Amino acid sequence: MNKEELRTQMKGSPKIKRLLDYLIMNQRDARPRWYVRLLAPLYQHRGKGSKIYGSVRMDTPPYRKFSLGTHSVVESYSCINNAVGDVVIGDHTRIGIHNTIIGPVTIGSHVNLAQGITVTALNHNFENIKERIDSQGITTKQVVINDDVWIGANAVILPGVTIGLHAVVAAGAVVTTDVPENTVVGGVPAKIIKRLS
C-alpha cells in the first residue's frame with residue numbers, strides 16, 4: 001500500500017483519524033508531537049540543494065503532503081503548517097524570513113516571497129452567533145501561487161486566491177481575490193495597479 005492509498009484510507013475512517021490525530025498532534029500546541037517532528041526527514045520531501053533553516057517551525061504531520069523543490073529555501077523564523085492541507089513548494093523558490101504558510105497551498109517555481117508574509121488557506125467559521133467561534137470549526141480553500149511571482153513584504157494572501165504567472169503583489173497588500181497573470185496588485189483589498197506587457 002503506497003502513501004496516497006494510506007492517506008485516503010485514514011480520511012475515510014473517522015475513528016482511525018481521531019486516534020492518529022491524537023497520537024501525532026499535540027492538541028494544546030496545535031503542532032506535531034516532539035517524537036513526530038524527529039521523524040520529519042523521513043516523510044517530508046526536500047529536493048536536492050534545498051534548505052530549511054533550523055529556526056523554522058515545521059508543523060507538518062505525516063498524514064498531509066509537504067514538498068520543497070530543488071534549490072528552494074525556507075528562511076529563518078518562518079512557519080509551515082500542512083495540518084489541514086498539503087503544502088507544495090516548487091523549484092528555485094524562496095520563502096522569506098518570518099513567513100507563515102498554512103495549507104492547502106501550492107507555490108510554483110522561481111517564486112520570491114519577501115519578509116513577514118502570510119499565505120493562508122484556512123478560515124475559522126463564525127456565522128452562528130449562538131455558538132463560540134472556536135467550536136464552529138474551520139474551512140479551507142486552496143491557495144495557488146503560480147511560477148515567477150514576487151510578493152512584497154508583509155502581504156497577506158487569503159483563502160481561495162490564485163495568483164497568476166509573472167504577477168507582483170506590492171508590500172502590505174491584502175489579496176482577497178484572484179490576481180491575473182502579468183499584473184501588479186496593491187492595496188487593502190488588493191487591486192490591479194499596473195499591467196505588465
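**Reading the core and the sheet**

Author: Isoleucine 151 touches Asn112, Leu113, Ala114, Ile117, Ile145, Ile157, Ile163 and Val169, leaving aside residues up to four places away in sequence; contact means heavy atoms within 4.5 Å. The model is predicted, so local features need pLDDT of at least 70 and side-chain atom pairs count only at pLDDT 80 or more, while totals for chains, interfaces and linings use all residues. Residues are numbered from 1 along each chain as its sequence is written, and side-chain values use heavy atoms, with hydrogens and water left out.

Reader: Which residues have the most contacts inside the largest nonpolar core?

Author: A nonpolar core is a set of buried Ala, Val, Leu, Ile, Met, Phe, Trp, Tyr and Cys residues joined through side-chain atoms within 4.5 Å; buried means under 20% relative accessible area (1.4 Å probe, protein chains only). Here the largest has 34 residues, and those with the most contacts inside it are Ile101, Val119, Ile145, Ile151, Ile157, Ile163 and Val169. Apart from this core lies another, of 7 residues, including Ile24 and Met25.

Reader: What is the order of the strands in the open sheet?

Author: Strands of a sheet pair through backbone hydrogen bonds, either parallel or antiparallel. Strands are DSSP runs (E, at least two residues), numbered from the N terminus, and two of them pair if DSSP finds at least two bridges between them. In this structure, 6 strands follow the order S3-S6-S9-S12-S17-S20, with parallel pairing. Strand S3 (45-46) and strand S20 (162-163) each have a single partner strand, so one side of each is left without a neighbour in the sheet.

Reader: How many bridges join S3 to S6?

Author: The parallel strands S3 and S6 are joined by 2 bridges. Histidine 45 stands opposite serine 67 in S6.

Terms used. Buried means under 20% relative accessible area, exposed over 50%, partly exposed in between (1.4 Å probe, protein chains only). Helices (H or I, at least four residues) and strands (E, at least two) are DSSP runs, numbered from the N terminus.
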